[in-house]
Amino acid sequence: MAKLTAIVLLMLLAAATAGNAGAIAGRQQDRRRSRFLLANSPPPPYACSEKSAAALCLAPGSPGATCCGGQCVDTVASADHCGGCHKVCKHDRSTCCGGRCVDLLSDEDNCGKCGNQCGNKCSNGFCDYAL
């Protein structure tokens, strides 16, 4: 009877330890997932209206100063709102620079990156690149 009791107690202890280890592993996995999501998630949307747009969209931490469709957006750099609300840069290579959709591979005023001006020609994102 003592051996049977000892075996049952050992089995219960092993089951409790295995369940606790799974819970600990689950918590570590959740913690890792949370860090990843926090590091790679977009900033929270700032809900705005015509009345609150000036105060809310100009507040520190706001994504932009313009209220488009109930959210504060940056119309200077956002590819979805380039130069105004819902003006999408249509081409795959287009990037929004200063409120204009430009091709960084060929635009002389934004060659390779926004604001990089070339003297003569922009080729493949390089100024005065010789082929």
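This is a predicted model: local features need pLDDT of at least 70, side-chain atom pairs count only at pLDDT 80 or more; totals for chains, interfaces and linings use all residues.

Trainee: How many helices and strands are in the protein chain?
Mentor: Two helices and six strands. Along the sequence the pattern reads α-α-β-β-β-β-β-β.

Trainee: And what share of the residues counts as buried?
Mentor: 21% of the 131 residues. The chain exposes about 9,600 Å², and carbon and sulfur atoms supply 59% of that.

Trainee: What about contacts between residues at least 24 apart?
Mentor: They make up 4% of the contacts between residues at least 6 apart in sequence.

Trainee: Switching to the surface. Which residues form the nonpolar patch?
Mentor: Leu-4, Val-8, Leu-9 and Leu-12. Together they have about 400 Å² of accessible area.

Trainee: Where does Leu-9 sit?
Mentor: In helix H1, which covers residues 2-40.

Trainee: Is Leu-9 buried or exposed?
Mentor: Exposed, because its relative accessible area is 54% and the cut-off for exposed is over 50%.

Trainee: New topic. How many salt bridges does the count come to?
Mentor: One. The side chains of Arg-100 and Asp-107 meet in it, at 3.8 Å from N to O.

Trainee: Why can side chains pair like that?
Mentor: Opposite charges can pair when the charged atoms come close.

Trainee: Is Asp-107 buried or exposed?
Mentor: Buried, since its relative accessibility is 18% and buried means under 20%. Arg-100 is at 42%, so it counts as partly exposed.

How values were computed
Residues are numbered from 1 along each chain as its sequence is written. Side-chain values use heavy atoms; hydrogens and water are left out. Patches are made of residues with over 30% relative accessible area and no salt bridge: like charges are joined within 9 Å, nonpolar side chains (Val, Leu, Ile, Met, Phe, Trp, Tyr) within 5 Å. Accessible areas come from the Shrake-Rupley method with a 1.4 Å probe; for residues, only the protein chains shown count as cover. A salt bridge is a side-chain nitrogen of Lys or Arg within 4 Å of a carboxyl oxygen of Asp or Glu. Helices (H or I, at least four residues) and strands (E, at least two) are DSSP runs, numbered from the N terminus. Buried means under 20% relative accessible area, exposed over 50%, partly exposed in between (1.4 Å probe, protein chains only). Contact means heavy atoms within 4.5 Å.
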